[in-house]
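Good morning. I will go through one structure in a few minutes, from the overall counts down to single residues. Please have a look at it first.

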Amino acid sequence: MTPRSRSRPINLLPPSGEQIALLVTAVVVVTALAWAGMRFADRDDDAGLGSGEPGVAHVHGLGVNPADRSLIVATHYGSFRIPVDGEEAERIGGGFQDTMGFTVAGPDHFLGSGHPDDPGRRAGQPTRLGLIESTDGGVTWANVSLGGEVDFHGLVFAHDLVYGWDSGTGRFMVSGDRTNWEVRSSLDLVGFAVDPTDDDHVVGTGPEGLTESFDGGRSWTTVDGPRVVTVSWDAVAGLWGAEPGGVVWHRIESEWERAGALPGEAQVLLATSDALYAAAHHDDGLTGIYRSSDGGRTWDLRYQDAEQ
């Protein structure tokens with residue numbers, strides 16, 4: 001177990017001239033990705049695929065759709081649905097939108113961000129989609145706010161609020177109506193999770209390790225713990241994280257306990273009341289979607305493309 005020792009205040013990054021535009025993002029910074037050793041490449045202004053089927057690769061987000069309990073996989077090349085009792089990943093819609101930030105807001109109701117595919121760009125969509133919304137299970141998306149301004153690399157829907165982290169400026173932002181945003185701080189983040197029981201309690205991970213806020217992201221304190229790159233917080237399952245190499249940790253009160261390890265490099269981790277889910281990148285270049293029903297000790301492969 002790794003006990004949490006004395007905390008240290010963080011010096012927040014001063015806002016730059018680019019921070020005039022309000023933005024909201026998903027879970028990964030390019031500099032943080034380099035630090036984490038991840039083998040993905042983010043395309044802020046060069047997203048989109050013309051043809052072909054890249055499959056399930058470079059996963060940005062996972063979520064369970066309450067409408068049918070299917071697992072939604074948001075990737076660099078479009079979104080996929082894995083039925084609760086199925087073993088195949090079905091592409092949602094016909095597009096290849098690069099959905100960066102992704103969070104489930106309700107049955108068939110998703111929020112996201114990212115970049116359009118080539119047809120979307122030719123139709124006039126901005127390269128930075130801002131906050132987008134789907135109310136049909138991800139088949140279609142519509143802009144809600146900040147289109148052309150923001151590429152969200154981190155989104156969490158909790159307590160009827162949207163929490164977002166803007167990779168372009170480092171701003172941590174919160175909105176109650178998805179249109180007006182309060183900028184609460186600026187800092188480097190790789191990912192963050194919101195306490196399901198306290199809207200002011202946020203745990204993040206960044207280049208300097210774990211960081212924690214008790215005032216809704218207005219101020220942050222560095223805390224000791226594993227150097228995880230993805231975190232997820234469920235009201236029943238608790239707070240979980242995964243290191244770049246795949247080691248999975250569970251925080252119980254103020255201590256982190258090692259649970260097990262993924263069979264590859266961690267991309268995204270999702271904690272739910274029923275199970276843990278994760279996307280892991282393998283040495284052969286493929287990405288696997290995994291499920292654990294024993295608290296992260298062992299992981300069963302849910303889906304993996306035959307080739308990419």
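Helices (H or I, at least four residues) and strands (E, at least two) are DSSP runs, numbered from the N terminus. By that rule the protein chain has 2 helices and 26 strands. What you see is a predicted model, in which local features need pLDDT of at least 70 and side-chain atom pairs count only at pLDDT 80 or more, while totals for chains, interfaces and linings use all residues. Residues are numbered from 1 along each chain as its sequence is written, and side-chain values use heavy atoms, with hydrogens and water left out.

Next, the chain totals. Accessible areas here come from the Shrake-Rupley method with a 1.4 Å probe, and for residues only the protein chains shown count as cover. The accessible surface of the protein chain is about 12500 Å², with 47% of it on carbon and sulfur atoms. I call a residue buried under 20% relative accessible area, exposed over 50%, and partly exposed in between (1.4 Å probe, protein chains only). Of the 308 residues in the protein chain, 58% are buried. A contact means heavy atoms within 4.5 Å. If we take contacts in the protein chain between residues at least 6 apart in sequence, 48% of them join residues at least 24 apart.

Now the strands. Two strands pair if DSSP finds at least two bridges between them.

Another pair is β11 and β12. Strand β11 (residues 152-158) is mostly covered, with 7 of its 7 residues buried. It is joined by 6 bridges to β12 (residues 161-166), and the two run antiparallel. L155 has G164 in β12 as its bridge partner. The hairpin of β11 and β12 has 2 residues between the strands, and in this hairpin H159 takes a positive phi near 60°.

Is H109 buried or exposed? Its relative accessibility is 17%, so it counts as buried. Leaving aside neighbours within four places in sequence, H109 is in contact with V104, E133, S134, T135 and R178. The C-alpha atoms of H109 and D136 are 6.6 Å apart, although 27 residues separate the two along the chain.

Last, the aromatic rings. Rings of Phe, Tyr and Trp (its six-membered ring) pair if their centres lie within 6.5 Å; planes under 30 degrees apart count as stacked, over 60 as edge-to-face and the rest as tilted. How many aromatic pairs does a search of the whole structure find? It finds 5. In one of them, F102 and F110 have ring centres 5.4 Å apart and planes at 65°, so this pair is edge-to-face. F102 is buried at a relative accessible area of 8%, and F110 is buried at 1%. Y163 and F172 form a tilted pair, at 6.4 Å centre to centre and 50° between the planes. Y163 has a relative accessible area of 0%, so it is buried; F172 also counts as buried, at 0% relative accessibility. Y163, F172, F192 and W220 form one aromatic cluster.
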